[in-house]
Amino acid sequence: MSFIDYILETARLGARLTYRKMFGEYALYLDEKVVAFACDNSLFIKPSAAVSRLAPDLPQGPPYPGAKDYPTADELLDDPDALRRLIEETAALMPLPKPKKKAAKTAAAGS
C-alpha cells in the first residue's frame, strides 16, 4: 500500500478526501479544499487555528525545499479519529477554491 493510500484509509473520510499529484508529491483535498500535503512519506497539515487547538504540539517542518514550516501530523496516523477531526476542522477554516476563469472569447473576424 502506498503512503497516500494509507493516509486515505486511516482518515476514513471516503470520497470526500482526494489527492492530486503536485511536483512529485501530493496535495490532499477535503471537499475540494487543500488541507494537507504528503511529501517524503510525511503528512503536513495546513497551518490553521484547528492545528493550534487540536494538535498544538505537532512538530514543524517544510514539506518541500523552500517552503514555510507546516505541522507534521505523522503521529496522528496512529489515531484515526484525531486525524479525521483535524482534517475536517482544517477544511472548515480553508477558503473555497477560486473558480477557474473561462477563456476570453475573441471577436469575430471582419466585425
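Q: What covers the buried residues of α1?
A: The cover includes β1 (17-22), β2 (25-30), β3 (33-39), β4 (42-45) and α3 (80-93). The model is predicted: local features need pLDDT of at least 70, side-chain atom pairs count only at pLDDT 80 or more, and totals for chains, interfaces and linings use all residues. Residues are numbered from 1 along each chain as its sequence is written, and side-chain values use heavy atoms, with hydrogens and water left out.

Q: Which residues of helix α1 are buried, and what puts them on the same side of α1?
A: In α1 (residues 3-11), the buried residues are Phe3, Ile4, Ile7, Thr10 and Ala11. They cover an arc of only 130° around the axis, and therefore lie on the same side of α1. The arc is that of the directions from the helix axis to the C-beta atoms. Helices (H or I, at least four residues) and strands (E, at least two) are DSSP runs, numbered from the N terminus.

Q: Why is Thr10 called buried?
A: Buried means under 20% relative accessible area, exposed over 50%, and partly exposed in between (1.4 Å probe, protein chains only). Thr10 has a relative accessible area of 8%, so it is buried. Leaving aside neighbours within four places in sequence, Thr10 is in contact (heavy atoms within 4.5 Å) with Leu77, Pro80 and Leu83.

Q: Why is the pair of Tyr19 and Tyr26 called edge-to-face?
A: Rings of Phe, Tyr and Trp (its six-membered ring) pair if their centres lie within 6.5 Å; planes under 30 degrees apart count as stacked, over 60 as edge-to-face and the rest as tilted. The centres of these two rings are 5.4 Å apart and the planes stand at 80°, so the pair is edge-to-face. Tyr19, at 37% relative accessibility, counts as partly exposed, and Tyr26 counts as partly exposed at 23%.

Q: What makes the pair of Phe37 and Tyr70 edge-to-face, and which parts of the chain does the pair link?
A: The two rings are 5.7 Å centre to centre, with 85° between the planes. The pair links distant parts of the chain, as Phe37 is in strand β3 and Tyr70 in strand β6 (residues 70-71), 33 residues apart. Phe37 is buried, with a relative accessible area of 14%, and Tyr70 counts as buried at 8%.
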